[in-house]
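User: I am new to reading protein models. Can we go through some of the terms step by step?

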Amino acid sequence: DLPETRGLGDIYKRQERIQETAQMLTFCEENNITADVEIIAMHEINKAFESVIHKKARYRYVIDMASLK
């Protein structure tokens, strides 16, 4: 659907998802729940993706954009 043809239901659903995400982040903050991340260089992206596919990833991967230089 084009944006102008979407109904109000889609807008409300999107807003509900945003509110649910905000509630989850607030809960995590209040309970000191954090995510472990591993910062990788761009050239390591295929290796990281393979570990995700094979369910061996232990962290969220964050690409260091400075590694593009």
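Analyst: Start with contact: it means heavy atoms within 4.5 Å. By that rule, S51 touches K56, A57 and Y61, leaving out residues up to four places away in sequence. Keep in mind that this is a predicted model.

User: Where is S51 placed?

Analyst: S51 sits in helix α2.

User: Why is S51 called buried?

Analyst: Buried means under 20% relative accessible area. S51 has 14% relative accessibility, so S51 counts as buried.

User: What makes the link between the side chains of S51 and Y61 a polar contact?

Analyst: A polar contact needs a pair of N or O atoms within 3.5 Å, one able to donate a hydrogen and the other to accept it. The side chains of S51 and Y61 make such a contact at 2.8 Å. Y61 is also among the residues that S51 touches.

User: Why is V37 called partly exposed?

Analyst: Under 20% is buried, over 50% is exposed, and partly exposed lies in between. V37 has 46% relative accessibility, so V37 counts as partly exposed. V37 belongs to strand β1.

User: Which residues does V37 touch, not counting those up to four places away in sequence?

Analyst: V37 touches Y59, R60 and V62. Take V62: V37 and V62 are 25 residues apart in sequence. In space, their C-alpha atoms are 6.6 Å apart.

User: How do you know that β1 and β2 pair?

Analyst: Two strands pair if DSSP finds at least two bridges between them. Strand β1 (residues 37–41) and strand β2 (residues 60–64) have five bridges, in the parallel sense. The strands therefore pass the cut-off of at least two. Within this pairing, A41 stands opposite D64 in β2.

User: What do β1, α2 and β2 make together?

Analyst: They make a right-handed β-α-β unit, with α2 covering residues 45–53.

User: What makes that unit right-handed?

Analyst: Point the strands away from you: in a right-handed crossover, the path from the first strand over the helix to the second runs clockwise. The unit of β1, α2 and β2 is right-handed.

User: What pattern does the protein follow along the sequence?

Analyst: The pattern is α-β-α-β. The secondary structure comes to two helices and two strands.

User: Why is N32 called exposed?

Analyst: Exposed means over 50%. N32 reaches 66% relative accessibility, so N32 counts as exposed. N32 lies in the loop between α1 and β1. Its phi is near 55°, a positive value in a residue other than glycine.

User: Why is K55 called exposed?

Analyst: The cut-off is over 50%. K55 has a relative accessible area of 77%, so K55 is exposed. K55 lies in the loop between α2 and β2. K55 is not a glycine, yet has a positive phi of about 55°.

User: How much of the protein counts as buried?

Analyst: Of its 69 residues, 7% count as buried. The accessible surface of the protein comes to about 6600 Å², and 54% of that belongs to carbon and sulfur atoms.

Conventions: Residues are numbered from 1 along each chain as its sequence is written. This is a predicted model: local features need pLDDT of at least 70, side-chain atom pairs count only at pLDDT 80 or more; totals for chains, interfaces and linings use all residues. Side-chain values use heavy atoms; hydrogens and water are left out. Helices (H or I, at least four residues) and strands (E, at least two) are DSSP runs, numbered from the N terminus. Buried means under 20% relative accessible area, exposed over 50%, partly exposed in between (1.4 Å probe, protein chains only). Accessible areas come from the Shrake-Rupley method with a 1.4 Å probe; for residues, only the protein chains shown count as cover.
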